[in-house]
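Hi everyone, thanks for making time.

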Amino acid sequence: MNIPKENKNEWNAYRERELSDLLPVIFSLGFSLDTDQVHTMGERFLMSGKKLVLTGRRISDEKKVAIKASSTDFGKKELSHEHLCRETIKKINFAYKPILLPEELLFAKAGKFVVIVSEFIEESKAFFEHMDEEQFFLSLGVFKMFESIHSTAYSHSKIVRSVWKNWGAREYLGAFSKYSMNCISADPTLRDEMLLAEKFLTDNAINIERYSDFLTHEDFVPHNFRVVGNDVYLLDHTAILFGNKYESVARFLNYLCLYNLKLERWITKYIRENRREGEYLSLRLMRVFKLGELLQFYTGSLNKTEGNLHLLTKERISFWKNILLNILDDKPVSEELVNEYKKKRDALRSEEEKRRQRELHQL
Amino acid sequence: MERRKIMWYNTKMRIVIAAPFYPPDTEDMAVYAKELAENLAKRHDVSVVTYARLPEESSGVRIYSVNKRLPLIFRLARFTATLFCAVRKADILYAENGASVEVPSALVALTTRRPFIIHFDDKTAIARSSKNLFLKMAQRFAQKRAISEVSDIPRRPPEILPFGLPPEKELVEYRASWENHMQKLTDIFNETK
């Protein structure tokens, strides 16, 4: 098992090199870095994108800031795109409700780096520390905000196409087909489930298309937003796209299976009882799509991991496969299944990762 | 009143609804247009002409959609032509306000000589037309052609929360507001005969 170590070592080497080159650049721009950078640790090396997400201070007034920086072509492109997204969001003239973003304090191309410094949104308490009812209304508020931005007209599509991905049934089905192939080649035991899921999506392609053209967020989970009072600030703008109305809800509900099953059931029930039948189906379709994406991520991690992390990856694949079957059968997620998985996960997670998760408010 | 009500319930009419929005659009007007179409379709032959790429389906309702992604002139022309074809064989044209529907509806009513009723639901469109001379003229043109104007807006369905008590009172009020609205439309439609 040499590959896994190389992956982690490669990331660590990249992080050290990048940080030492970045430090004087950040200082010259009027900012300093915190000593402890938890967002670069733990299982971060498994995630894509060579860019650093750091915390620091503005030297002039000690204001806490979030810093994103990269010197790689891919990372620089991603950061420039993030900047463009932020600028364009302000110009969307067909939004009924505004999208709240942390203020961008600096966007600079300095030396070999592209750097974005934005205001660090301090939460008085983390999302999951709010009462369940508050969590329900906060998340519902964000989903309604996303839904209010529907790109339907000629003028809308001109703005959208120049900046964001615009996904309809064809793109979702194409992506799922790749997820399915990758999952099956990495773990052939997933074959039946992935083919069943693909059929479910293909049979309902028209539904996916019907509820597309809405602003959505492909990674809408609590560590990508901050709650201040009744307002929710979005952090990761690169994950914004125009696609199915329920993509962000689906990602959030899948995530809630692990972190607040009661809220997952409430939101599912709310959509079933308040929205039209086709919309509930669209939610299930998107949950299946997002689960395919997640399974691809974990099956792809199998050859990058070793020891406990490898065992944990296998447990994750088995857990999410069972959730996928639940969604396909339109059955509620079993609490027993979740608790059993959590026990195994906690026993197998490294201390470093547990720390990273605490910082992300997930533990 | 009772006699007219009986007439309404016994006579199947061919009604065309012209709507700028229709679900999956999330605007209140879209929700209203679909609910109205479904309510009317219980007893009448209902068609909807709307701007949408892939509108939601409703049983018993024929939907003709015009893609909003077309440039303005083309979509207005296509909407007018589609509406003309639908209204030619209809008894009533019922249109939502807003210039993109008002002007084609008034033109179609003029050429087909079908009774045309306009519903003032979109407050944003009303506010916009008060500030824009062209939109104001479009609205006046439509009002002149309409045999009746409706300003009544039924309630939106109350949200049913997954916790706490169900909103019984709001549900009763919502159903009552739709019953009243349908009654008002019954009276107006019967007057067109």
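Predicted model: local features only at pLDDT ≥ 70, side-chain atom pairs only at ≥ 80, totals over all residues.

For 193 residues, a compact globule would have a radius of gyration near 16 Å, and chain B comes out at 17 Å, so the two agree. Its C-alpha atoms fill a box of roughly 50 × 40 × 30 Å along the principal axes. Of the residues in chain B, 35% count as buried.

What is chain B built from? Seven helices and six strands. If you follow the sequence, the pattern is α-β-α-β-β-α-β-α-β-α-α-β-α. Among contacts in chain B with a separation of 6 or more, 60% are between residues 24 or more positions apart.

Now over to chain A, and to helix 6, residues 191–203. This helix has 13 residues, which at 1.5 Å a residue should span 18 Å; the C-alpha atoms at its ends are 18 Å apart, so that agrees.

Which residues of helix 6 of chain A are buried? They are Glu193(A), Met194(A), Ala197(A) and Leu201(A). They cover an arc of only 95° around the axis, which means they sit on the same side of helix 6 of chain A. As a reminder, an α-helix has 3.6 residues a turn, so residues three or four places apart point the same way. On the other side of helix 6 of chain A you'll find Asp192(A), Leu195(A), Lys199(A) and Asp203(A), which are exposed. And what do the buried residues of helix 6 of chain A pack against? Helix 5, helix 7, helix 10 and helix 11 of chain A.

Beyond its neighbours within four places in sequence, Val288(A) is in contact with several residues, including Ala197(A), Leu201(A) and Leu324(A).

Last stop: where the chains meet. The contact takes 18 residues from chain A and 15 residues from chain B. On the side of chain A that touches chain B, helices 3, 4, 7 and 9 of chain A each give two or more residues. Helix 9 of chain A has the largest share, with five residues. By type, that side of chain A divides into five nonpolar, six polar and seven charged residues.

Notes. Residues numbered from 1 in each chain as written. Chains lettered and ligands numbered in written order. Contact = placed C-beta atoms within 7 Å. Helix = DSSP H or I, 4+ residues; strand = E, 2+ residues; numbered from the N terminus. Nonpolar A, V, L, I, M, F, W, Y, C, P; charged D, E, K, R; others polar. Expected span 1.5 Å × (residues − 1). Buried ≥ 20, exposed ≤ 12 C-beta atoms within 10 Å, placed from the backbone. Arc of directions from axis to C-beta. Rg over C-alpha atoms; globule rule 2.2 N^0.38 Å.
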